[in-house]
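Please look through the chain below from its overall layout down to single side chains. The paragraphs after it take the parts in turn.

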Amino acid sequence: MNKHVGRKIKVLASIIMWVQIIAFVIAGIALIISGEKLIRFHSELSVLIGVGIGIGVGILVLFAWISSWMLYGYGQLIDSTQNIEEMLRNSNPQQPAQLTYNNPVQSSSSYQTGGFYFCTHCGAKVPSNQPVCPSCGHSR
């Protein structure tokens, strides 16, 4: 059920967008046809109404397209998160994939990544071969 949920959400966003676009175009055509029946005797007014309906339908189609971005983006976010989790799981198969968020300034020990660490006192980026932070003088 939850497999490929990001892709399913993106497909749903596309379907909703196309259904809205088709509905707006059909409604616009219906309004133009009914408007012609109502204003048969004033030709210049019917042209103006037809142009107004056409512009209105164009704006609604644009709205349908733009409104689908949020749902599509949410599906993309889920896909990206699942890809990151899978990469983490594949990098160390013995350990479960776990995302940890450390604030280097608030942690009690230095937060180290490849080739450098962050000072626990001021948060400065320090090369890992230096035991003392050059910014504040705090030692590891």
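This is a predicted model: local features need pLDDT of at least 70, side-chain atom pairs count only at pLDDT 80 or more; totals for chains, interfaces and linings use all residues.

Lys-10 is found in helix α1. At a relative accessible area of 14%, Lys-10 is buried, where buried means under 20% relative accessible area, exposed means over 50%, and partly exposed is in between, with a 1.4 Å probe and protein chains only. Leaving aside its neighbours within four places in sequence, Lys-10 is in contact with Tyr-72, Gly-75, Gln-76 and Asp-79; contact here means heavy atoms within 4.5 Å.

Residues are numbered from 1 along each chain as its sequence is written, and side-chain values use heavy atoms, with hydrogens and water left out.

One of the contacts of Lys-10 is Asp-79, and the side chains of these two residues meet in a salt bridge, at 2.9 Å from N to O. The pair links distant parts of the chain, since Lys-10 belongs to helix α1 (residues 5-38) and Asp-79 to helix α2 (residues 43-91), 69 residues apart. A salt bridge is a side-chain nitrogen of Lys or Arg within 4 Å of a carboxyl oxygen of Asp or Glu. How many salt bridges does a search of the whole structure find? The search finds one.

Apart from neighbours within four places in sequence, Asp-79 is in contact with Gly-6, Arg-7 and Lys-10. Ser-80 lies in helix α2 as well, but Ser-80 counts as partly exposed at 29% relative accessibility. The C-alpha atoms of Ser-80 and Gly-6 are separated by 8.5 Å, although the two residues are 74 apart along the chain.

Now to the layout of the whole chain. There are two helices and three strands, and from the N terminus on the elements run α-α-β-β-β. Helices (H or I, at least four residues) and strands (E, at least two) are DSSP runs, numbered from the N terminus. Of the 140 residues, 16% count as buried; Lys-10 and Asp-79 are both buried residues. Among contacts with a separation of 6 or more, 34% are between residues 24 or more positions apart. The accessible surface of the chain comes to about 10,500 Å², and 65% of this belongs to carbon and sulfur atoms. Accessible areas come from the Shrake-Rupley method with a 1.4 Å probe, and for residues only the protein chains shown count as cover.

Which residues make a nonpolar surface patch of about 420 Å²? The patch is made by Leu-62, Trp-65, Ile-66 and Trp-69. Patches are made of residues with over 30% relative accessible area and no salt bridge; like charges are joined within 9 Å, and nonpolar side chains (Val, Leu, Ile, Met, Phe, Trp, Tyr) within 5 Å. Trp-65 lies in helix α2 and is partly exposed, with a relative accessible area of 42%. Trp-69 is partly exposed too, at 47% relative accessibility.

A pair of aromatic rings is described by the distance of the centres and the angle of the planes. The structure holds one aromatic pair. Trp-65 and Trp-69 form this pair, which is edge-to-face, with 5.0 Å centre to centre and 75 degrees between the planes. Rings of Phe, Tyr and Trp (its six-membered ring) pair if their centres lie within 6.5 Å; planes under 30 degrees apart count as stacked, over 60 as edge-to-face and the rest as tilted. Because they are four residues apart in helix α2, Trp-65 and Trp-69 are separated by about one helical turn.

The cysteines come last. A disulfide is a pair of cysteine sulfur atoms within 2.5 Å, and by this rule the count comes to zero. Cys-122 is in no disulfide, as the nearest cysteine sulfur, that of Cys-133, is 3.7 Å away. Cys-122 counts as partly exposed at 35% relative accessibility. Cys-136 is partly exposed, at 33% relative accessibility.
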